[in-house]
Amino acid sequence: MATTPTPQAPGRQDMLARYELFNRFAMQDQKAYYVTAVANHRKASRQVNQIRALLSLATGLSAAMIGLIAQLAGDERSTVEAIIIGVLTVFAVILPAIGALFTSLADLFQWDKLIQIYDAALENLEVADAQSPHPEIPQDLIYRASLRAFAEGTLSVMSDETAQWGQAIRTPAQIEKFLQEEQKKADPYSRGFGPAPGEDEGAG
Amino acid sequence: MRLKLPNLSPSGAQPVSQEKKGFRQGWPVWLRQMPRLSFPPLNENFQLIDPAALEEVLSQADTAAAERIRRDMRHMDGELLRLFRRLDYEAKAQQNRYRVYQITYLLLAALATLIGSIMALATDNADLLAVLAFGETLVALLTTYLATISGREPPLPLWMQNRRRAEHMRREYFRYLCNLEPYDTVQGYEREMLLSKRAADINRGFFPGVKPDEGA
């Protein structure tokens, strides 16, 4: 009668090679990914915030200068004063719209939330890394248990991070609201065209 | 004050990615993350472990152990990596598609706000008001057009679904490589067949031990 061969435990040399590969290409690569992502998201978030602040400052300055020039010039405005007021008025109208665009961009990319998730994952990876097997452990059984704890811990951090990432990605509420409003406005002109077959999410 | 960013990774190395090296180098970081209008084709040769780096590690390992690992890698290339490459690529493509739509909506929203602001200032100019009202309608129609197009195969759930499967596949790759549970209880052809089965399950959204498409 044929029997299923009993699995043999891998030898120390096999475990050493597999540990080296896992450590270098799973653990260290994952750490590199989190460090790079946190640095990039932090920088992107700061840059967009700076742009928003600058646009807000420019809008306020434009409005204040319109008031000042109008006050100083009185009713008798020169052509130059009229042109300056016109340009500043355009700025005061355009800049808030661009500022709102950058606010929504930050909501779309969720940089700050992702920084928190990746930072926490990085800390948890360090805990898993601390369980890496010491090469001088004499018994293969203990070495194997340590290798297993190290690798399972790493995979568990990666799994948790993916789950949290999935919960963080949402369509910004302001885009959903904008879509509903625009579809209402377009309704009288596109009557008779229902949603496309299988359509279940307009914002996608 | 501008803070200097720390070294990108503990070893200074860049993480493994299908992204082309040096993509949008020199651009502000937030602009580098913007979607692209022309998406590159799938890289059929992408490996989670660079073959040269793998050989570097294996050259220092025991000959028999290195040969076993090479056999594992060959098997994974045919049974798991080809599925991973497609899932990872599809996730990236849907993420790009989602962001193209979302950013177009943001631009249209900014345009709608702008038109509304000018309309509020130009109440005494009937001709200009008519033109602006037409512009406002055009924005609404364009938005509805885009929403209708993106409603077919919405990119957000497809991005999420493919990313979850790809990440699970990546973890399975390292689980097999490190001979973790359940691969530590079987050997030879049985171990290889187990990987094939689990990879096919992950590919259809059934994650071993987790409800379909609910887990990470």
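1. At 7% relative accessibility, Asp201(B) counts as buried, where buried means under 20% relative accessible area, exposed over 50%, and partly exposed in between, with a 1.4 Å probe and protein chains only. Its side chain meets that of Arg204(B) in a salt bridge, at 2.8 Å from N to O, a salt bridge being a side-chain nitrogen of Lys or Arg within 4 Å of a carboxyl oxygen of Asp or Glu. Arg204(B), by contrast, is exposed, with a relative accessible area of 57%.

2. This is a predicted model, in which local features need pLDDT of at least 70 and side-chain atom pairs count only at pLDDT 80 or more, while totals for chains, interfaces and linings use all residues. Residues are numbered from 1 along each chain as its sequence is written, chains are lettered from A and ligands numbered from 1 in the order in which they are written, and side-chain values use heavy atoms, with hydrogens and water left out.

3. Chain A has 5 helices and 0 strands, these being DSSP runs numbered from the N terminus (H or I, at least four residues, for helices; E, at least two, for strands). Of the 204 residues of chain A, 43% count as buried, and the chain exposes about 11,100 Å², of which carbon and sulfur atoms supply 57%; accessible areas come from the Shrake-Rupley method with a 1.4 Å probe, and for residues only the protein chains shown count as cover. Among the contacts in chain A with a separation of 6 or more, 78% are between residues 24 or more positions apart, contact meaning heavy atoms within 4.5 Å.

4. Turning to the interface, 83 residues of chain B are in contact with 74 residues of chain A. The area buried between the two chains is about 6,800 Å², with 69% of it given by carbon and sulfur atoms; buried area is the accessible area (1.4 Å probe) that two parts lose on being put together, summed over both. In chain B, the residues that lose the most area to chain A are Trp30(B), Leu106(B) and Arg171(B), which together make up 10% of what that side buries.

5. Arg18(A) forms a salt bridge with Asp72(B), the closest N and O atoms being 2.8 Å apart. Arg18(A) lies in helix α1 (residues 12–73) of chain A and Asp72(B) in helix α3 of chain B, so the pair joins two chains. Both residues, Arg18(A) and Asp72(B), are buried, and both belong to a network of salt bridges that also links Asp14(A), Arg68(B) and Arg191(B).

6. A further salt bridge is formed by Arg24(A) and Glu56(B), with the closest N and O atoms 3.5 Å apart. This pair crosses between chains, from helix α1 of chain A, where Arg24(A) lies, to helix α2 of chain B, which holds Glu56(B). Arg24(A) is partly exposed at a relative accessible area of 31%, and Glu56(B) likewise counts as partly exposed, at 43% relative accessibility.
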